[in-house]
Amino acid sequence: MDGNSAEDGTNMITLYIKGGVNHTVGDCPLCQRVYMVLKLKDLNFRVMAINTKAPPQEYKAIAGPKKPPILVDGEAVYFDLAEMVDYLDASYQKSLQPKDKETHNVGIEVFIALSKYLKNKDDTKNEKLKTNLMKKLLTINDALEINGGPFLDGEVMTLPDCNLLPKLYHVEVCGRRISEKGYVIPEAMTNIHRYLDAFKNSEVFEETKVEESEIEYGWRQHRML
């Protein structure tokens, strides 16, 4: 998987991500976050999807036992997610920082709420956890109203979108494909639906997208155990 590749292979940033079942992009929203930043920056890069159960020697030599995402740019190697995003934004034009700094905080708890709900085995807690997830979604819907959308800071994607959209996509896909949990993003949350539609219609989504089957598989086989 290559981004905008240099013809001679030089000046090539490498992003190692979790690979999917069929050697596609895996279901890791953290990996997709960095992948989106690279694509929005229009950089020369390659993406290596790694089988985390049997990683190749190239990966083990760089990362040892660490899990993706891992970013390599020349001699620089980044294992910390926040550090790699900050590095890319500070080192390469154009900046993806939002005008409204408060957008960095939008939706920061939604993935945790999703995880608690989907992993819950106690039926007596289901409704409370589902209500909590809906509250987190409503907060996102309200925040999208402030800057006019379709994205968090207005007309273009910024760093907060790279953080939120992969997680919100998990929420939407799981609602449709893990039917026993019985939820959908309410139609009344029109800003969220417009937000996700804008994402799905973008070049960034086309290049970085995770197949819905991968997301369902990841939750059913790993996260929901």
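Read along the sequence, the protein follows the pattern β-α-β-α-β-β-α-α-α-α-α-α-α, with nine helices and four strands in total. Helices (H or I, at least four residues) and strands (E, at least two) are DSSP runs, numbered from the N terminus. This is a predicted model, in which local features need pLDDT of at least 70 and side-chain atom pairs count only at pLDDT 80 or more, while totals for chains, interfaces and linings use all residues. Residues are numbered from 1 along each chain as its sequence is written, and side-chain values use heavy atoms, with hydrogens and water left out.

The C-alpha atoms fill a box of roughly 55 × 40 × 25 Å along the principal axes. Of the 225 residues, 51% count as buried, that is, under 20% relative accessible area with a 1.4 Å probe, protein chains only. Among contacts (heavy atoms within 4.5 Å) between residues at least 6 apart in sequence, 73% join residues at least 24 apart.

Helix H5 spans residues 126-146 and includes Asn 126. Leaving aside neighbours within four places in sequence, Asn 126 is in contact with Tyr 117, Asn 120 and Lys 181.

A disulfide is a covalent bond between the sulfur atoms of two cysteines. Here a disulfide is counted as a pair of cysteine sulfur atoms within 2.5 Å, and the count comes to zero. Two cysteines are listed below, each with a sulfur too far from the closest cysteine sulfur for a bond.

Notes
Buried < 20%, exposed > 50% of the residue type's maximum accessible area, 1.4 Å probe, protein only.
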